[in-house]
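Subject: Structure for you to look at

Hello,

Here is the structure I promised. Please open it and keep it beside this email while you read.

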Amino acid sequence: MSLQGEKTQALFEKGKRVIPYGVNSNFRYWGDEDTIIIDRGEGAYIWDMDGKRYIDYRLGFGPVVLGHAYPTVVQKVQEALQGGNIFAWTTPVEISVAERLTRMCKVDKVRLTNTGTEATMHALRIARAYTGREKFIKFEGQYHGMADYFMFSTPSSYRGGLGSRRSPIALPNTSGIPKAINQYVLPLAFNDFEGLEKTVKANWGDLAAIFVEPILGNSASIMPQPGFLEKIRELCDEFGIVLIFDEVKTGFRIAKGGAQEYFGIQADLATYAKAMGNGFPIAAIAGIEEVMMTIEPGAMAHGGTYSGNVVGAAAADATLEIIENQPVLETINQRGKALMNGIGDILTEAGIPHVVTGVPSMFGIFLGKDQEPRDFRDYLAGDGELYEAISMGLNRRGVQPDSDGREPWFLCYSLSEADVNETLNAFNDSVKDAKS
Ligand SMILES: Cc1ncc(COP(=O)(O)O)c(C=O)c1O
């Protein structure tokens, strides 16, 4: 049964005439029958063009940490907009946002951008300029945005061919990437202590950075093994490599100070986006003084016409103020724990081997095995088809996790206990359907 009602289907067909596949990001295309069009969102819910309501666990791929159309944020943005949006000068609200980041994330300096991709791209350039080296390590199943350098061994568009765990292959995940770029990217399996040490020791003279999503926010929220992030930190210190935490998904979601606070590890640079602005386009590169001050007018470029624009900055200022001062993450964690436990119980009852991975504010469901996945390769050995069947059952019932199990379940502050119960009932029914 298609997810599209009559109006949604008609509008999707109209959209396809002028927009490739009817979507403005490939990740939003669920096939011709199940790609929907959204009329509006409020709190934890979204409604499609036929008035069907979903409890939303995608939240725009993670940003909407408070809830859709969150009144305080909307009001602050509206007020700020009355005075114009960009001026090619700094505005007070940019300074306020940077101060919040330095306080919450214990960083020294901040530059604003609009998207996660812009933030990661610039972070890599800073690391290269700081070290005078060109290559970097990234981990399989991690996603750092759409820039050519990062589109290797990512979770999406995976077509096989990662190579041996001992010597992974830099595998572009899209057509259109110049071959020469391969040489700059050294992919590794996550949580592979030995592979990491070997690769760093053999290549450190060329290595500008180690890029890491501290939790695999694009591969079912697989967690770092105890000591793995510490090992990365240690090797970066020993060999003068810039450690970059990509906190685009974890930032302001897993703790007020993101993964740096959660794991007690200070990176040299960190990139933020998503939850920072509750869905408005705003992102940041932040880090320690010495590395951030590599940015230098006329010498090391960072810029962007819309960087720090008033809409994005006002949204971030309002969102971060709420996260700082209200029990946002406590509430989300409470609801998330109830969901993780409830889902685990339902799967156990149904006799389905599983691990509920990650943390309550962004968790994953790994099916088909009951051993915690350590890396993207382990994830691929799970039962993705069963996950998709359950997920589509949920979507038919008005509960919307992503159809792809690599994308975590994201929670927002507006999600109620009643929503959690409704979700668990729908999960129970969807598991029964998927098994029959
Ligand atoms: C960890 C991570 N880094 C970077 C990005 C890119 O962010 P954006 O889509 O805002 O460019 C994403 C997007 O999902 C992400 O999950």
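Two strands count as paired if DSSP finds at least two bridges between them. Keep that in mind for the sheet below. One caution: this is a predicted model.

**The sheet**

Three strands make up an open sheet. Their order is β13-β14-β16, and they pair antiparallel. Which strands stand at the edges? They are β13 (354-359) and β16 (409-410). Each has a single partner strand, so one side of each has no neighbour in the sheet.

Now look at β13 and β14 (residues 362-367). Six bridges join these two antiparallel strands. A helix lies across both strands: α10, residues 328-349. Helix α10 runs at about 170° to β13.

**Two packed helices**

A packed pair of helices is described by the angle between the axes and the distance between them. Take α3 (residues 92-105) and α9 (residues 310-325). They pack at about 35°, and their axes are 9 Å apart. Their crossing is left-handed.

Which residues meet there? From α3 come Val 93, Glu 94, Ser 96, Val 97, Arg 100 and Met 104. From α9 come Val 310, Ala 313, Ala 314, Ala 316, Asp 317, Leu 320 and Glu 324. By class, this contact has eight nonpolar, one polar and four charged residues.

**The ligand**

How many residues surround the ligand? There are 15, and the closest are Thr 115, Gly 116, Thr 117, Gly 145 and Val 248. Helix α4 gives the largest share of this shell, with three residues. Sorted by class, the shell holds four nonpolar, eight polar and three charged residues.

Is Ala 123 buried or exposed? Ala 123 is buried, because 31 other C-beta atoms lie within 10 Å. The cut-off for buried is 20 or more.

What does Ala 123 touch, leaving aside neighbours within four places in sequence? Its contacts are Ile 244, Leu 269, Thr 271 and Ile 285. Ala 10 and Ala 123 are 113 residues apart in sequence. In space they are 42 Å apart, C-alpha to C-alpha.

Best wishes

Conventions: Residues numbered from 1 in each chain as written. Predicted model: local features only at pLDDT ≥ 70, side-chain atom pairs only at ≥ 80, totals over all residues. Buried ≥ 20, exposed ≤ 12 C-beta atoms within 10 Å, placed from the backbone. Contact = placed C-beta atoms within 7 Å. Near = placed C-beta within 6 Å. Helix = DSSP H or I, 4+ residues; strand = E, 2+ residues; numbered from the N terminus. Nonpolar A, V, L, I, M, F, W, Y, C, P; charged D, E, K, R; others polar. Axes fitted to C-alpha atoms, helices over the stretch in contact; angles between N-to-C directions. Left-handed = near helix turned anticlockwise from the far one by under 90°.
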